[in-house]
Structure formats: C-alpha cells, structure tokens
Amino acid sequence: MLSDSEAAELLSFLTTDTRPDVKGHATEYLLGVSGSRDGCRFLRTKPELLVALFALTSDPSIAIVKDCFLTFINLSADETLHKVLLSDVKVLPTCLKNLVDPKYIFADQICTMLSNLTRHVNTCRTVFKELQERGGLAQLVELLCTEGYNKKANFHYIGPLLSNLTQLPEARTYLMDKERCVIQRLLPFTQFQDSVVRRGGVIGTLRNCCFDHAHHEWLLSDSVDILTFLLLPLAGPEELSEEENEGLPVDLQYLPEDKKREEDPDIRKMLLETLLLLTATKVGRQTLKEKNVYPIMREFHHWEKDAHVVAACEKVVQVLIGDEPEQGMENLMEVDIPPDVEVKLNEAYLKEQQDLEKQEEELRKEQSSEPEEKKPRVD
C-alpha cells in the first residue's frame, strides 16, 4: 500500500485543476485499490483521499466520474467504510440531490451505493433520515415506477434499496400509510421480467412489510390485494378443477398453458416466506384458506426441485391444512415462546438445514455419477 508521502502526492493529483491524463491515472489507480478488501481498509485510514475523490464526481470528464463512482460502490460494499463515507466524506446530500435529477447519467451508480449503505441497520437509519428530509420513500417509489424519468438510468437497484430500508419499522409504517397508497404501486413488479434485481428487491420489500402483523388485514383486503401479486409468480399452467379455480382470486383463475413460474429460486423462497408471514395472524390464515391458495401450493410443490424452496412451501402447506391454534395463540407473532421450547425449535431448524444440505449433496453426487449419453457411432 501507499506510504504517507505517496498518499500525499496522490492527493495532490485529485483536483479539478490537475491535467486530465494525470487525474485519470490517479482515479484509475484508486479504483484498483478499492477492488480488494485490504485496499478498502487502507482507504478507510485516508479519508482525505476519499473526500477529494468524491469531489471529482462532478468532474467534466465522464471517464473520471465513472472511475470515482465505481470506487465508491466498492467501498460502500464494505461495512467498515460506512461511517467514513457518511460522516467524513458526507456522500448522502450530493448523492440524493443528483439521484432525482432526470438528466444525471450516474443515477444507477448512486442507487447501487445507497443499496450497499443500507444493508446494515445503523447506516440504514442514517440514510432513511436523510431521505425523509428530501422527499421520503414516496420519491424513491416515484423514480422506480416512472418509466423514462431518466433516459440514462433504469433505477433497478431502488428495489433492493427499498428492501433494505424496510428493515426499519418507521420505513414500513411510511410505505403502508393508507392515505399515501405507496405500496400498491410496487405490487406489479413482482412479475417484472426485465430485471431480477428489481423483482427481488420489491418482493423483499413486501416480505418486510408483512412482519408488521397489524397491517395484514389491510394488505390482504381489496385495497391492496397483496395475495394475488404474491401468488401469480408461483402459479403455473397446470389445469385445476372448476371448483378450485372458482375459489381463487380472479387473476389466478384459468391461467394460460404458457404461464411460467418465477425462475429465480431465491425469489420463489422469498414469496413463500411472505405467504408464511401472512399466515401468522388469524385473518391471514382465514384469507389464504378462503382464497383457495392450497391448489396453487400443491401444484407448485410438485413442480419445485430446489430443496430449500420445497421446505418453505411445505411450511405454508402445513398451515393451510392444519387446525387453528388454540385460543390465545391466534396471532403467532405475539406468542411468547418459553426458553426450553425456543431451544428445541432452534435445534429442529438446524437439523432441517443439515437435512437439506445432505439432500443437495446426494443430488449433486447422483448428477455427477450419471453416465454420459453415448453418441451413435458413425463409420
């Protein structure tokens, strides 16, 4: 790494007045340094370099600005840099101001930075507070939902950014304000085919919102209709009976023969986890049973191959076909679990994970031991 004198010399090149070629070599060098964990940790000790580098995100040279943003994306991916970036470099005011500029060509890089900075709760809270002073989450949703807002940006990483922000109760409360109708605008993106990043981020956001059990009845009501948007990506082309179809939400009835399911297993698992969260309340369980969710889960279970996703599906099915909890236990999110029961549950969870890993290992062995298909001999 650089000595103090070398770092000081490098700092002298990071000014708007420096010759473009020299400045370009300096930013390119720092981008390389930021590509390793040790490099990021080194730069953490040189906040003056980072302050100067961030100032160059307004440089006339697009190539230099690009190097700067790529460097800060690398740095923001390291949690130990978050405090430096927010407190010393003070990246938020400039980033949030430029993010909403419809002509700013590096808006996507800013989205990626913000997504990285909000992964952990402390810096997430700092970003949320700053956001609320500059238009709030509704503005992020506006950027995500307004096609063509910025012709140089796609804003896909606002999806994971919202997912990260909604780890905070105050962010979930803001999104689910009944007067604002913000969360409803996100629902169509559960089937957004152009970006797995956006799709996964939005579904992660919906899952986080379902942790707030007080909103379950509203989320499942016609005002939001979250259930339809969670089930559609899990539903396939299988033909259901007339009775089964009639019990389903209208948009899930008589699906076409070319209907395809969500292709990403992690997203399928998140969808199932969201359904499971909704079954934690009595109103949620009743709604899922009344809306005939079971046939969708049954056909999905037949189709699914990923062991972890199958396990998540089985948990939902168990609730759907099981008896109602005894009186006083209707809301599973409010039940106090005795310490000895919690220990047993944790042990059961660990065993389940070990069994799943064992199944996956056996499947890998079976696949690797399958004989190669013999090609016909040509004389």
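Colleague: In which hand does α20 pass α21?

Modeller: This is a predicted model, and the answer rests on its coordinates. Helix α20 covers residues 293-303 and helix α21 covers residues 307-321. The crossing of α20 with α21 is left-handed.

Colleague: How are α20 and α21 oriented relative to each other: roughly parallel or roughly antiparallel?

Modeller: The axes of α20 and α21 lie 10 Å apart, and the helices pack at an angle of about 150°. Angles over 145 degrees count as roughly antiparallel. Therefore α20 is, relative to α21, roughly antiparallel.

Colleague: How many residues of the contact of α20 with α21 are nonpolar?

Modeller: From α20, the contact draws on V293, Y294, M297, F300 and H301. The α21 side includes V309, V310, C313 and E314. One residue of the contact is polar and one is charged, while the nonpolar ones number 11.

Colleague: Is C95 buried or exposed?

Modeller: Buried means under 20% relative accessible area. C95 has 2% relative accessibility, so this residue counts as buried.

Colleague: Which cysteine has the sulfur nearest to that of C95?

Modeller: The whole structure contains zero disulfides, a term that requires sulfur atoms within 2.5 Å. C95 is accordingly in no disulfide, and at 9.9 Å the nearest cysteine sulfur is that of C111.

Colleague: What percentage of the residues in the protein chain is buried?

Modeller: The chain has 22 helices and zero strands. C68, at 0% relative accessibility, is counted as buried. Of the 379 residues in the protein chain, the buried share is 46%.

How values were computed:
Residues numbered from 1 in each chain as written. Predicted model: local features only at pLDDT ≥ 70, side-chain atom pairs only at ≥ 80, totals over all residues. Heavy atoms only, no water. Buried < 20%, exposed > 50% of the residue type's maximum accessible area, 1.4 Å probe, protein only. Axes fitted to C-alpha atoms, helices over the stretch in contact; angles between N-to-C directions. Helix = DSSP H or I, 4+ residues; strand = E, 2+ residues; numbered from the N terminus. Parallel < 35°, antiparallel > 145°, perpendicular 65-115°, else oblique. Left-handed = near helix turned anticlockwise from the far one by under 90°. Contact = heavy atoms within 4.5 Å. Nonpolar A, V, L, I, M, F, W, Y, C, P; charged D, E, K, R; others polar.
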